[in-house]
Every structure is written in C-alpha cells, then in structure tokens.
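Hi there,

Here is the structure I promised to send over. Have a look at it first, and then read on for what turned up.

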Amino acid sequence: MRVARFPARPLSAVAILLLLTGIAAACSGGSASVAGPGERAMGAVSAAPTSPPLLDPPIDPDIGINNITHVIVIVQENRSFDHYFGTFPGADGYPRDANGHIDVCVPDPEAGHCQRPYHDTNLFDAGGPHGLVGSRISESAGRMDGYVRALEQIGNGCEHRPNDFPCRQAGRGPAGQPDIMGYHTAKEIPNYWAYAKHFVLQDHMFAPESSWTLPAHLFLVSAWAATCPDLGDPMSCRSDLEFPGGNAADHGRKTWIPADGAPRPYVWADITWLLHEHHVSWAYYVGSATCLRPGCGPSPDQEDTAPVQNTLPGFKTVSVDRQLENIQSNEHYFAAAAAGTLPKVSWVMPTTNRGEHPPDDIGNGQAWVTRVVNAAMAGPDWLHTAIFVTWDDWGGFYDHVRPPKVDANGYGIRVPAFMISPWARRGYIDHQTLSFDAYLKFIEDRFLGGSRLDPRTDGWPDSRPTVRENAQQLGDLYTEFNFDQTPIPPLILDPWP
C-alpha cells in the first residue's frame, strides 16, 4: 500500500491561464468585493466570483495525496471522544475490567461517591463547563477524574436557563449521574458510527488547546490563539486561551465580533495568508445571516453562525488580501458541491441549533453534517475529495485519555473525529496523536509544497511560541489514505435515520 505524500506540482499552462482568467473576472467586478455596511454572508455569496469547474486528472497511486484536490473540514461543537465513540469496537474507548465491563468511576464530591458512565439514549444533553478553568479541574493533573467536580464548581448553561426547551429535555442517568458521564452509541448517532465504520475513525484527535470554542477556532485556521496589545504589531501578540482578541471588542464585551469592525484583533498569520500567496482557492462557509461587517444588527433568523465560530473576519491578513468575500453562505457550499466548483480548501460551520453545543438536539447536528457530506459525495468531485469531521472542544463530557503536552497551550481534551474519502483506508482506526494542527499540516503538504505557518518563512512574522505543524508528537493524516484500493463508493445517508 502506497501512502507517500508529494509536494504540489507546478501549475500547468492551462491552469495558469484559468487562474489569470479568474483574476481578471474578479477585478472586472469593480466594487463587488467591497460590500456595504452590515454585510452578511448572503451578500458575500452574491458578490463572490465564480469560475468554471476544472476537470480533475485520473487517479494515479504514484502521486499519493496529490490525488486529493478538495479538502473539506466540518467542525461541530462540544463533545468528547468517549461521549460519542467510547464503546466503538477497536477504538481507544472506556477502560474495561477483566470481564469486559467499563471500569470507570469519577469522584462526585457533593454526592460523596463516584459516578459511572451510562448509555445515554437522550438526544439532549446539558453538558458541563468547558473553558480554561473547567479543563484544568477536569484533567485533574492528568488523572482525568475531575469532570463532576468541575460541573459542581462551575455549572453549565442549563443552570442559568432551566426553562429553555432543550434544558427541560436533558436529564440525569439511571443512577442520578450527570449527563457528562453519559455516552452515545449507533442507536443515537447511527450516521456518525456508519462513517467511522466505512472510512477512518481518529481516536486520538485532541482539541488544539485546553479551552473553549473561540480559541479552538483560532487554532483551526492559524495554529494559535492570542491577544495582541499593539494591534499594529504581530510581535506583540501573546498566547490567550480565555478571551483572545478581547482588547478590540466594543461595548465592554470580552470577545470581538465581526460587527465591531476595525481594528481587527487577530494580527498574526493564518493559513489563508499562505493559501493566497500560493494562489490556492479557499472558502469558509457560514450561515446566510452571519454578520461579516459592522452594522448588521440582530440576526433576523437562526441561519447565523456564532461569531466565535467565524474568526476569519477578525484576521488582518484577510483584510490585507481583500478576501472577506471568501466567507460565504452555506447555501453557496451546496451549490458549489453540486456544480463541481468547490475551492481547494473549504471549512463548513453549522448554524444556530445545528452545532451540537449542549443542550442542542444532537439529531439536528447529525442531520446537518450528513447533508454536508452527502452533497460532497453526490457531486462530481467526490473521487478527489477528503472530508475531515471534528468537534471543537469536549463540552465538559468525560474522556479518559490524558492530553499530551506540545507547548504551554495544549493539547486539550480529546474530541471525536473521522475522515471520509473514497481513498480512506476502509474501516481503519487511526491511533496517531492528532490535533487541528494536522489539518493545517495536510493542507500545507498538499497545496503549499510543505510551507508552514512559521514566522521565519511565511512572510508575516509574529511571536507564536511554536510552529505547531512541526510538533514531534503530531501524526500525519496522509497515512489514512490508500490510493491503490478500489475507491469507496458514496455512502449517501438519510439525515434523519
């Protein structure tokens, strides 16, 4: 089996001609890329330049991951690996005793005894605290037994909104356990388990840092989360896992949102800077009502993506490169997937109530992910596509694996993750140590000739403490592919099984 990776090959004359044609078309639009006040993602869709689909070459096993021409990263919210796949056969799930029973019992200081995992058949979970402090308590100096204590000390959202519908649906386990000790199986999340069985399950995917959604999404696109005291100097930035960029927020908030506008808080380099420099197309897909510029006001409906999941408008690089229009509506993703015009790199974010953030219905989240995956499978680019699905943090739910330490910022607690591709090693469980940095590394190796987000070489010097993609512990996603096998056919699933 050959899994060799190769740097991206030089553009052919035809590709260069098409690239120049695309640039000319974009420039001829005049003010198309400069939207008016209060632009939402739907506006970016109408303004975004389109180009005819390019015909992908036949599959050649000898060129390894160069066969992949479209990378799609789907990110949901707030679940741990054990919570979704702790009983998946062959995975590094719950520890077992000699009789095969789950051998876990987490101390409960208030109850005076320990709490055991249970099969949670409820689609609504209240979850637990999942910020920096909650992580430290939960990890408990590597013992991984502080989850219940963290919940009792910090609480969760449902304690503040107990009358909200999803909070009323959430409940405790059969022995009174908080649902952070619950686990789901193929009964509740059959599509996720089907993807794991047919394609590649990653059972050592760690959140990039020990905190919550915002820093996780900053790491997703830049391998760092920081606050920069001098918003004109990337060398002033310092790691921040609580409220990165909060110094640029308006109205006393702790986090910046796109409606705040300039100055943008994230002044270090992100992956779109390198993609732009190498003429690699990309898009970041969000809800159609998602605010991208000041003046939006409250969202008119629930078709918006939370600002903490939409960080690219806050990067100075995106402004300098004039690529805000690449942040597009999710509807544009479905249209591009069907037409064969997806960019080389896509990130797809959920909208309100579809992200699986507790206490949201996980059935809604699974249905959303299934729709996104089905669209890619049914489109003309399936044979050249790799889809990576993950969750941004652990959501307070129990996980037994101690995160490895690569630097002062992480890794964080383990999250669910799997890879879908016709060239995935069928039914394989990848035990390598992975994090979101592995997605960046794969993109860099496939499309950027191995260039890294490295201040010494990327043309945008900053003060990041680590070139995360080069971490010794980090595995390589290219090992999950087998280009010699018969391609796996599309697995089109019912979003509501």
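What share of the 497 residues in the chain is buried? The answer is 60%, where buried means under 20% relative accessible area, exposed means over 50%, and partly exposed lies in between (1.4 Å probe, protein chains only).

Before the details, a word on the source. This is a predicted model, in which local features need pLDDT of at least 70 and side-chain atom pairs count only at pLDDT 80 or more, while totals for chains, interfaces and linings use all residues. Residues are numbered from 1 along each chain as its sequence is written, and side-chain values use heavy atoms, with hydrogens and water left out.

The overall picture

The chain has 14 helices and 16 strands; these are DSSP runs numbered from the N terminus, with helices being H or I of at least four residues and strands E of at least two. Among the contacts in the chain with a separation of 6 or more, 81% are between residues 24 or more positions apart (contact means heavy atoms within 4.5 Å).

The disulfides

As you know, a disulfide is a covalent bond between the sulfur atoms of two cysteines. Here the rule is a pair of cysteine sulfur atoms within 2.5 Å, and by this rule there are 4 disulfides. Counting bonded cysteines along the chain, their pattern is 1-2, 3-4, 5-6, 7-8.

Three of them, one by one:

- Cysteine 105 is joined to cysteine 114, with an S to S distance of 1.9 Å. This link is right-handed, with 90° about the S-S bond. Cysteine 105 is partly exposed at a relative accessible area of 26%, and cysteine 114 is partly exposed at 33%.
- Cysteine 228 pairs with cysteine 237, the sulfur atoms being 2.0 Å apart. The torsion about their S-S bond is about 100°, so this disulfide is right-handed. Both cysteine 228 and cysteine 237 are buried.
- Cysteine 291 bonds to cysteine 296 at 2.1 Å from S to S. With a torsion of about 85° about the S-S bond, this disulfide is right-handed. Cysteine 291 and cysteine 296 are both buried.

Helix 8 (residues 190-198) packs against helix 13 (residues 362-378) at an angle of about 45°, and their axes are 9 Å apart. Axes are lines fitted to C-alpha atoms, for helices over the stretch in contact, and angles run from 0 to 180 degrees between N-to-C directions. Helix 8 and helix 13 are therefore oblique to each other (under 35 degrees is roughly parallel, over 145 roughly antiparallel, 65 to 115 roughly perpendicular, and the rest oblique).

Which residues of helix 8 meet helix 13? They are Pro190, Asn191, Tyr192 and Tyr195, and they meet Gly365, Gln366, Val369, Thr370, Val373 and Asn374.

A mostly covered helix

Helix 4 (residues 132-139) has 6 of its 8 residues buried: Leu132, Gly134, Ser135, Ile137, Ser138 and Glu139. Their cover includes helix 5 (147-154). After helix 4 comes serine 140, with a positive phi near 50°.

Best wishes
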